[in-house]
Amino acid sequence: MSEKKTIIAAGVILSILIVPSASLASAQYVPHDGKTGLDDLMRLSEERVRIANENPHTGSGTPMFAVDGVLGALLLSTGVFGGIASAFFVKGRKGKYAAMGRG
């Protein structure tokens, strides 16, 4: 497989991994129409505090080991930035400015 095909295949694989995680972010309990005032936000904040105090066993709500949580984001960003870094490393070894006798 040529170098160009390898880079294209890596790009396709990375894009397949990134597409499912491209959902829009929205805050909890806030309507999507954007018609909330300060009073509504204060009421929602008080309700969130009440729910958290009533259910102390539920935690912070951050899914640490879920695919769409912290580790999932860590794996995706590692894959993306690792792929970019490896592409730069491979391209840097074969440039016209590479030092003679080192590769």
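## Helix 1 against helix 3

In this predicted model, the axes of helix 1 and helix 3 come within 10 Å. They cross at roughly 165 degrees. The angle is over 145 degrees, so helix 1 is roughly antiparallel to helix 3. The crossing in which helix 1 passes helix 3 is left-handed. Helix 3 covers residues 70–93, and helix 1 covers residues 3–18.

Which residue forms a salt bridge with Glu-3? The partner is Lys-91, with the closest N and O atoms 4.0 Å apart. Glu-3 sits in helix 1 and Lys-91 in helix 3. The two are 88 residues apart, so this pair links distant parts of the chain. Glu-3 has a relative accessible area of 31%, so it counts as partly exposed.

A search of the whole structure finds 2 salt bridges. Besides the Glu-3 and Lys-91 pair, there is one between the side chains of Glu-54 and Arg-50. Here the N to O distance is 3.0 Å.

Both residues belong to helix 2, which spans residues 38–54. They are 4 residues apart, so about one helical turn separates them. Is Arg-50 buried, exposed or partly exposed? Its relative accessibility is 41%, and Arg-50 therefore counts as partly exposed.

## A nonpolar patch on the surface

Ile-8, Val-12 and Ile-16 form a nonpolar patch on the surface. Together they have about 280 Å² of accessible area. Ile-8 lies in helix 1, the helix that also holds Glu-3.

How accessible is Ile-8? Its relative accessible area is 52%. Exposed means over 50%, so Ile-8 is exposed. Glu-3, at 31%, is partly exposed.

## The chain as a whole

The chain has 3 helices and 0 strands. Along the sequence the pattern reads α-α-α. The helices are helix 1 at residues 3–18, helix 2 at residues 38–54 and helix 3 at residues 70–93.

What share of the residues counts as buried? Of the 103 residues in the chain, 3% do. The chain exposes about 9,100 Å². Carbon and sulfur atoms supply 66% of that area.

Methods. Residues numbered from 1 in each chain as written. Predicted model: local features only at pLDDT ≥ 70, side-chain atom pairs only at ≥ 80, totals over all residues. Heavy atoms only, no water. Patch = residues over 30% accessible without salt bridge, like charges linked within 9 Å, V, L, I, M, F, W, Y side chains within 5 Å. Areas by Shrake-Rupley, 256 points an atom, 1.4 Å probe, with all protein chains shown as cover. Buried < 20%, exposed > 50% of the residue type's maximum accessible area, 1.4 Å probe, protein only. Axes fitted to C-alpha atoms, helices over the stretch in contact; angles between N-to-C directions. Parallel < 35°, antiparallel > 145°, perpendicular 65-115°, else oblique. Left-handed = near helix turned anticlockwise from the far one by under 90°.
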